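Subject: Structure handover and notes

Hello,

Here is the structure I said I would pass on.

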Amino acid sequence: MRLSTRPSVYQLLYVAALWLVLLLPCLRCDNLLCYYSPVLENDKEESAFKLVVTECPPDELCFKADGHYGNHSALSARGCMAEGDCDRVDSLRLKGTGYTLSYACCYWHYCNSCPRLTGKPAPLILTLAAVAVIVASL
């Protein structure tokens, strides 16, 4: 019995589909599609407000904001903002309590959907490339 070291057609198609899904939105040159939610308390976020898809204006990115009261993450928000405003920190007073609201931007469609996932796509692309090399070497 001889084992083939070449990747199967299905493995190659799977890797190609992953590349297409991850890179195609970046190549379209359209405005980003992001999720929007106003500033909400974390424990009430999912039950009180359903995320809404919004299209960002040109030259704006998706963001995820995280509001802290001391070391406790208490607030969150999502939406679009100018690239120059990314990584900023604001003070917010809500119901008599002061919070520190920090913003993190991301650069691909729907990238602000996860509670804590924001950033540049380079690590994701590098991981996908590593998986492709591993699959190709099988």
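The notes below go from the whole chain to single residues.

This is a predicted model, in which local features need pLDDT of at least 70 and side-chain atom pairs count only at pLDDT 80 or more, while totals for chains, interfaces and linings use all residues. Residues are numbered from 1 along each chain as its sequence is written, and side-chain values use heavy atoms, with hydrogens and water left out.

Overall

The chain has 3 helices and 6 strands. Both kinds of element are DSSP runs numbered from the N terminus: helices are H or I of at least four residues, strands are E of at least two. Read from the N terminus, the order is α-β-α-β-β-β-β-β-α. Of the 138 residues in the chain, 26% are buried; buried means under 20% relative accessible area, exposed means over 50%, and partly exposed is in between (1.4 Å probe, protein chains only). The chain exposes about 9300 Å², and carbon and sulfur atoms supply 61% of that area. Accessible areas come from the Shrake-Rupley method with a 1.4 Å probe, and for residues only the protein chains shown count as cover. Among contacts (heavy atoms within 4.5 Å) between residues at least 6 apart in sequence, 61% join residues at least 24 apart.

Strand β6 and its partners

Strand β6 (residues 97-106) pairs with β3 (residues 60-69) in the antiparallel sense over 7 bridges. Two strands are taken to pair if DSSP finds at least two bridges between them. F63 has C105 as its bridge partner in β6. Strand β5 (residues 89-94) also pairs with β6 in the antiparallel sense, over 6 bridges, and there V89 is bridged to S102.

The ring of Y103

By the ring rule there are 3 aromatic pairs. The rule takes rings of Phe, Tyr and Trp (its six-membered ring) with centres within 6.5 Å; planes under 30 degrees apart count as stacked, over 60 as edge-to-face and the rest as tilted. One of the pairs is F63 with Y103, edge-to-face, at 5.4 Å centre to centre and 65° between the planes. F63 lies in β3 and Y103 in β6, so this pair ties together parts that are 40 residues apart in sequence. Both F63 and Y103 are buried. R88 lies over the face of Y103, 4.6 Å from the ring centre. For such a placement, NZ of Lys or CZ of Arg must be within 6 Å of the ring centre and within 35 degrees of the ring normal.

S73 and D66

S73 is in strand β4 (residues 72-82) and is buried, with a relative accessible area of 17%. Its side chain makes a polar contact of 2.6 Å with the side chain of D66. A polar contact is a pair of N or O atoms within 3.5 Å; within protein, one must be able to donate a hydrogen and the other to accept it, and residues adjacent in sequence count only if both atoms are side-chain atoms.

Backbone angles

Most residues other than glycine have a negative phi. D87, in the loop between β4 and β5, has a positive phi of about 65° although it is not a glycine. D87 counts as exposed, at 65% relative accessibility. K95, also not a glycine, has a positive phi of about 55°. K95 belongs to the hairpin of β5 and β6, which has 2 residues between the strands, and is exposed at 67% relative accessibility.

Regards
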